Structures are given as C-alpha cells and as structure tokens.
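Trainee: Could you show me how to read a protein model that comes with DNA, going slowly from one feature to the next?

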2 protein chains.
Amino acid sequence: MPDPSVPVQPVRAKLVDVAQAAGVSKATVSKVLNGRDLSVREETRQRVHEAARTLGYRPHSGARALAGASTHALALLVPALANPTYVTIARGAYQRARELGYLSLLAEDFDGQEADESFSELVQEGRVDGLLIASARPGHSLVDTVSRSSIPHVFLNRSVEGSGRNVTMDVARSSVTALDHLHSLGHRAIGHIAGPPGITPSDARKEAFLRHAGQLGLHAALVASGDFTEDGGVSATLQLLGAAKGGGPPPVTALYTSSLAQAIGAMGAIRSLGLRIPEDVSVVGNDDLPVAGHLCPPLTTVAMPLYDLGTTAVDALVAAIRGTPMGDIVVPTEPRLVSRGSTTAPGATP
Amino acid sequence: MPDPSVPVQPVRAKLVDVAQAAGVSKATVSKVLNGRDLSVREETRQRVHEAARTLGYRPHSGARALAGASTHALALLVPALANPTYVTIARGAYQRARELGYLSLLAEDFDGQEADESFSELVQEGRVDGLLIASARPGHSLVDTVSRSSIPHVFLNRSVEGSGRNVTMDVARSSVTALDHLHSLGHRAIGHIAGPPGITPSDARKEAFLRHAGQLGLHAALVASGDFTEDGGVSATLQLLGAAKGGGPPPVTALYTSSLAQAIGAMGAIRSLGLRIPEDVSVVGNDDLPVAGHLCPPLTTVAMPLYDLGTTAVDALVAAIRGTPMGDIVVPTEPRLVSRGSTTAPGATP
DNA sequence: TCGCCCAAGGAAACCGGTTGACTGGAGGTG
DNA sequence: CACCTCCAGTCAACCGGTTTCCTTGGGCGA
C-alpha cells in the first residue's frame with residue numbers, strides 16, 4: 001500500500017496550469033512550446049519554458065491529435081518479427097523516431113488481411129501521422145489503400161516502382177561484394193540461394209548475382225529460391241547440391257545466401273550431405289548479426305546497413321510529413337564483407 | 001497519380017454522421033457502440049450498428065482518450081529486442097491484445113534512463129491504458145515510479161516481490177526438466193550457465209538447478225554467470241571448463257544454459273577448447289526457437305511457453321484495467337524438453 | 001380520470017489542446 | 001495632432017467523442 005501522505009496521482013499539469021504559472025494565456029503557451037509563433041518576447045518565452053519545466057508539463061497526445069495537430073507517432077509494419085533482420089531495422093527506426101520526437105509503433109504483418117486492416121485502422125483512428133511499410137509486395141492490398149490515401153508513407157527495403165517513396169539498401173552491391181570475395185579465393189562455380197521471388201531485395205540480389213557472375217566469367221552460377229528462414233536455406237541447398245549425393249564433386253564450390261537464416265540452414269544441409277565447410281563448400285551469408293560469429297565454423301557475411309535503413313526511412317518519412325517532397329533513396333552506407341571461417345579456397349585441405 | 005474520379009480522402013465518418021444516418025443522437029450512438037446502455041430498443045441498436053458499418057465508422061482515438069474513456073492501447077517494455085526470446089513474448093502479447101481490441105506498443109529498454117522516461121511519458125501523455133513491464137530489475141526507477149502511480153501494470157517474466165502483479169513461467173521446472181534429462185543419460189557432473197545475477201528468472205533457474213542437483217546427488221554442480229548473449233555464453237563456458245585446458249578431462253560432462261544465445265556461445269567455446277559435442281560435453285539450452293534445430297549439432301533445448309507468457313500477461317493486464325483485482329500468476333504451460341543431437345551419454349563414442 | 005414511474009433517447013457540458021481573428025498600446029509619419 | 005502600423009498577446013471557436021442529467025410519452029395502479 002503506497003504512503004497516503006504522498007499524492008498518489010501527481011495531478012498532470014495541463015496547458016492552462018502552465019499558462020497561469022507563467023502569467024500568460026493558453027494560446028501563448030501553445031505557440032511557444034511548439035515554436036510556432038515568432039512574435040513572442042524572448043523574456044516571455046523563457047517564463048513559459050520555465051513554468052512548463054517546473055510543472056513537468058506533458059501535452060495530452062489525444063487532445064493534440066484532436067485539435068488537428070499531429071499525433072507525433074509513426075507506425076512500422078514488418079513482415080516477420082521472428083526475423084532478426086527486420087528487428088534490427090525496427091530498432092534503427094525506433095531510435096531515430098525518438099530523436100525526432102516521434103513515437104513509433106511496431107506491427108507485424110501476419111500474411112493475413114488482418115495486419116493490413118489493423119494498419120489502416122491506425123490511420124483511420126488518427127493514431128499516427130505516417131507509415132513505414134517494410135512488407136510491400138505486388139498485389140498487397142495495403143499498397144493500394146495507402147497510395148490512394150493522402151497519408152504520408154514510405155516503402156522500406158521493398159520498393160514499389162514509380163512510387164517515389166522507396167528507401168532501400170544497395171543490395172546489388174552486396175552480391176558483387178560476396179562474389180568478388182569468393183572469386184578472389186579462386187571459386188569459379190558458385191551457387192546463390194535467393195529469397196522468395198517477387199520480393200524486391202530478393203530479386204535485385206539475384207539479378208546482380210547473375211550479372212556479376214557473367215562479368216567474372218564464372219564456369220557456373222546456379223540459383224535456387226527459398227524462404228528467408230533456416231528451412232528455406234535447407235531446401236534450396238539440397239536443390240543446388242542434390243547432384244552431389246551420388247558421391248561426385250558438388251556442382252558448386254561456394255554458396256551465397258540471401259539471408260542469415262538461410263545460411264544457417266544451408267550449413268546444416270551441406271553437412272547432412274557429407275560435405276565439409278569450408279573445404280568442400282564455402283558459405284557467405286547476408287546480414288551480419290552477432291550469432292554469425294558463433295556458428296561452426298564462424299560464418300562469413302556481407303554486413304548490410306540495416307540499422308541505417310531504419311533511421312534513413314524515418315528521416316525521409318518525417319521530412320515528408322513536414323511537407324518536403326521526397327524521392328527514392330538508397331542508404332549510402334555500403335555493404336561490407338566480414339570474413340570468417342566459412343570461406344576458403346576451393347579444394348583446400350583442413 | 002491517383003484516379004481523380006475516386007475521392008482521394010474517403011472523408012472519415014464521424015460519430016455525428018452515424019447518428020444522422022441512424023436518425024438518432026450522438027449520445028445514443030456512443031452508448032450503443034460501447035455496449036454501455038441497456039435502455040435502448042433492440043431495433044434502434046440494430047439501426048445504429050448498421051449505419052456504423054455501412055459508413056465504415058472508426059472512432060477517433062484521440063477524441064476518445066480526451067473524453068476520459070480509455071485509449072485502448074497498451075505498452076510493452078522489453079530489455080532487448082535483439083533477443084528473440086523477448087520478441088516471442090512480444091508477439092504473444094501483441095496478438096492477444098489485438099484479440100481483445102487493444103493496440104500494443106513495443107518499446108525497448110536501452111539500459112539508460114531514456115526508455116524509463118519515454119515509458120513514463122506514454123502514460124503522462126495519455127497514450128496507453130496500461131503497462132507490461134518485462135525489464136523490471138531491483139532498483140530500476142521505473143518500478144518505483146509505476147508502483148506509486150495508479151496506472152494498471154503487470155510485471156512480466158521478471159517479478160517484483162510483493163507487487164501481486166507478476167506473471168511468470170515455471171522456470172524452476174525448466175531446470176528440473178533439463179537436469180532429469182541429463183541425469184537419465186548418465187551425467188553426474190553438470191555445469192549451469194546462469195544469466196546475470198539479480199534478475200528473477202536467472203536467479204530462480206540457478207537456485208532450482210542447485211536444489212535439484214542436490215536431490216539427484218550429483219558429484220558436481222558448478223555454476224557460472226554471463227549475459228544472456230552468445231558472448232556471455234562463451235565467457236561463462238571458459239570459466240567452467242577452463243581446467244580442461246591442461247588436457248585433463250573436463251570438470252563437467254554437460255552444460256545447461258539459461259538462454260539459447262548462451263548455448264550457441266557455449267558450443268563455440270567448447271569446440272575452441274578442443275572438446276567435442278556431445279561426446280565430451282553435452283549441451284542443453286533454454287527456449288526452443290527455430291535456429292536451435294539447425295545448429296551443429298542440433299541443440300537440445302527446454303521449450304519455454306514464451307508466447308503464452310505474452311498472452312497471459314495481456315489477459316491479466318486487461319482484467320486489471322477493467323477493475324478485477326489480480327494476483328501473481330504462473331503460466332500453466334509446462335516447460336518441455338526437446339531432445340536433439342547435442343546431448344548423449346557421457347563418454348559416448350561418435 | 002389522475003398521478004406516478006419508467007423506458008427511450010436527446011441536449012449540452014465537458015476533456016485539453018490549437019489556431020485564426022482580434023485588440024491595446026507603443027512608435028512612426030505627414 | 002490625427003492616423004496608421006506593427007508588436008505581443010488574448011479570445012473563443014473548434015476538434016470528435018463521452019457522460020450526466022433531463023425530457024417526453026405511454027402504461028399502469030388507485
């Protein structure tokens with residue numbers, strides 16, 4: 001039981017309280033605190049800020065939203081929270097939003113209409129000022145809904161062509177980085193495990209892989225698709241290396257995967273075929289998260305600027321909310337190769 | 001460019017619009033839609049619902065909150081989103097909240113005061129009706145703030161003694177389950193890698209480990225602490241197995257870790273000492289997430305009801321918001337052993 | 001027939017901000 | 001000296017719901 005001598009509810013200070021304390025009107029306080037009106041004397045401004053501070057004033061978000069101002073909240077929709085990649089993006093977005101004075105809501109797209117609906121509701125209910133959409137797919141009804149509405153929004157990681165609202169990473173570059181690494185080690189037959197077809201980063205990575213493989217003049221450049229999960233990596237790997245079952249040499253000496261989870265699945269599958277990593281097959285994954293360094297062997301990855309993607313997208317969205325017209329943006333941070341034990345020269349001995 | 005013949009803004013229907021369409025007053029609509037007033041004829045009730053549906057009416061959350069009603073939103077504070085354990089809990093909470101008509105905000109505690117502040121702000125700003133706190137630590141200022149306030153809240157996974165608001169899992173049972181498994185395989189010297197001291201589930205798991213080890217009459221039951229991360233697992237493992245460096249047999253033949261990440265770190269560390277898994281050292285981790293099955297070797301784990309923890313906590317919180325007094329709750333789902341390749345009899349040959 | 005009560009629903013006061021129209025007075029101008 | 005301008009703020013209407021009383025009409029008992 002709390003001490004009754006202490007006020008249980010420190011009675012939230014309201015705008016009118018601040019006004020009274022500073023000896024001005026509500027209107028003036030509102031203007032000062034929102035930095036909106038320049039025709040207020042410096043001294044008055046000070047008094048208002050002082051009063052607000054000592055009273056611990058916090059504007060009531062509902063009242064604000066109601067009065068037609070902004071809610072100071074954004075919403076981020078990601079395809080799957082189980083995927084640490086999206087979580088990293090979300091963390092970047094969350095942090096940057098905070099820095100800009102926005103609250104960010106995180107929602108997961110459960111592949112059903114549900115998330116779509118609930119996401120639209122956030123807007124309808126006037127809970128948020130803008131949307132960050134990381135799960136756009138062609139035909140996703142949300143994309144339609146949102147583009148014919150006037151609510152500020154940004155597509156994140158997955159792009160909607162012609163929207164002029166895409167914030168992406170240089171995924172093509174990640175394929176080049178991975179291929180260059182493997183090529184310089186001497187690999188000439190390389191396989192790529194792509195993500196599900198139809199998803200922007202997945203397709204872009206695959207195309208860049210094939211293009212650059214051509215430029216390098218590889219003997220073989222095979223591709224198989226799978227979900228971004230461990231299981232997706234397993235099945236795609238078995239597809240690519242299936243021929244090896246007969247005991248012959250694997251058709252490729254290295255694999256480059258589209259996600260970290262796929263790489264983990266791939267490593268298991270490679271071993272289940274009786275092959276060694278990296279002596280028989282080298283593996284490069286995408287997205288450098290802590291777990292990569294603790295696998296057996298430690299996984300070589302291409303580190304993508306996931307966190308930066310989140311921050312950049314929020315910057316763009318907030319700019320859009322404030323009225324600046326935006327265009328497509330590519331996060332400037334370049335993919336970076338993190339070399340570990342899962343890659344070596346083909347045919348190397350342990 | 002959107003088709004101009006389609007209204008760009010489908011002009012949100014307001015309460016008054018619904019009232020007009022149904023031929024009643026705002027008051028009546030409000031009562032009907034909130035199921036609050038019984039003195040409305042069934043026929044009128046129908047008309048109101050009908051009108052609301054055809055107009056696609058969505059109440060403005062800000063207006064609602066302002067008028068003194070609830071915001072229909074909860075907030076969940078977790079220690080680290082990078083930890084998939086908490087993400088799983090969050091997903092459960094999110095889903096259940098949705099089912100109950102609540103929106104749930106997810107926030108990460110960055111160990112600084114920041115999250116604390118921003119979490120309190122959520123309340124001050126009238127954005128949420130209740131709090132789910134999964135990062136309570138002794139001395140955490142939020143615990144203080146929140147207990148002397150009158151806002152409904154629940155402590156989740158980590159308990160605050162005497163609060164009568166704790167929702168936890170049977171972590172003691174998880175230690176027993178793991179120990180029984182290892183004991184039945186023949187292990188008599190077992191090590192435990194605990195989480196950071198001072199955190200409820202970490203301490204509880206450790207105590208239960210020592211207690212049950214005593215009951216089983218083990219020759220050795222060693223404990224080392226580390227963060228819930230991979231690195232935490234590495235350092236704790238080196239501490240426990242350090243003696244093995246001399247070439248002698250390891251002081252324990254099995255390790256039981258407090259988190260999945262620790263187990264991954266432990267496996268790497270065991271290998272770096274030149275020991276084999278599971279022949280030299282068996283490993284059991286906590287929390288069964290997809291990645292566990294794809295490690296090398298696949299990891300035996302104790303599956304904890306993380307998702308259920310999230311749903312149960314939301315149930316409890318919503319009940320509290322609605323005025324039902326609550327007490328401490330333990331999620332009824334029992335920890336379950338998932339046996340994989342990382343455990344075998346001690347001294348087994350490959 | 002009168003009076004009373006209750007069911008069904010309406011009028012209006014709020015909730016706490018924001019915003020554009022408006023005002024009192026100081027200073028400049030012809 | 002009358003008039004205009006501009007500065008520094010104030011007034012009051014609104015945003016879209018919720019909730020507290022209040023009205024109204026009809027049924028029923030005496």
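What follows is a conversation about a sheet, a helix and a DNA strand.

Mentor: This is a predicted model, in which local features need pLDDT of at least 70 and side-chain atom pairs count only at pLDDT 80 or more, while totals for chains, interfaces and linings use all residues. Residues are numbered from 1 along each chain as its sequence is written, chains are lettered from A and ligands numbered from 1 in the order in which they are written, and side-chain values use heavy atoms, with hydrogens and water left out.

Trainee: In what order do the strands of the open sheet in chain B lie?

Mentor: Strands of a sheet pair through backbone hydrogen bonds, either parallel or antiparallel. Strands here are DSSP runs of E with at least two residues, helices are runs of H or I with at least four, and both are numbered from the N terminus; two strands pair if DSSP finds at least two bridges between them. In chain B, 6 strands form an open sheet in the order β7-β6-β8-β9-β10-β12, with mixed pairing. Because β7 (220-225) and β12 (336-338) of chain B stand at the edges with a single partner strand each, one side of each is left without a neighbour in the sheet.

Trainee: How many bridges join β6 to β8 in chain B?

Mentor: Strands β6 (residues 189-194) and β8 (residues 254-257) of chain B run parallel and are joined by 4 bridges; B:I193, for instance, has B:T257 in β8(B) as its bridge partner.

Trainee: Which residues of helix α12 in chain A are buried?

Mentor: An α-helix has 3.6 residues a turn, so residues three or four places apart point the same way. Buried means under 20% relative accessible area (1.4 Å probe, protein chains only), and in α12(A) the buried residues include A:L306, A:L309, A:A313, A:L317 and A:A320.

Trainee: Which residues are closest to DNA strand C?

Mentor: A residue is near a strand if one of its heavy atoms lies within 4 Å of it. DNA strand C is surrounded by 30 residues, of which A:L15, A:S30, A:Y57, B:S25 and B:T44 are the closest. Sugar and phosphate make up 62% of the atoms of DNA strand C that come within 4 Å of the protein.

Definitions and conventions. Buried < 20%, exposed > 50% of the residue type's maximum accessible area, 1.4 Å probe, protein only.
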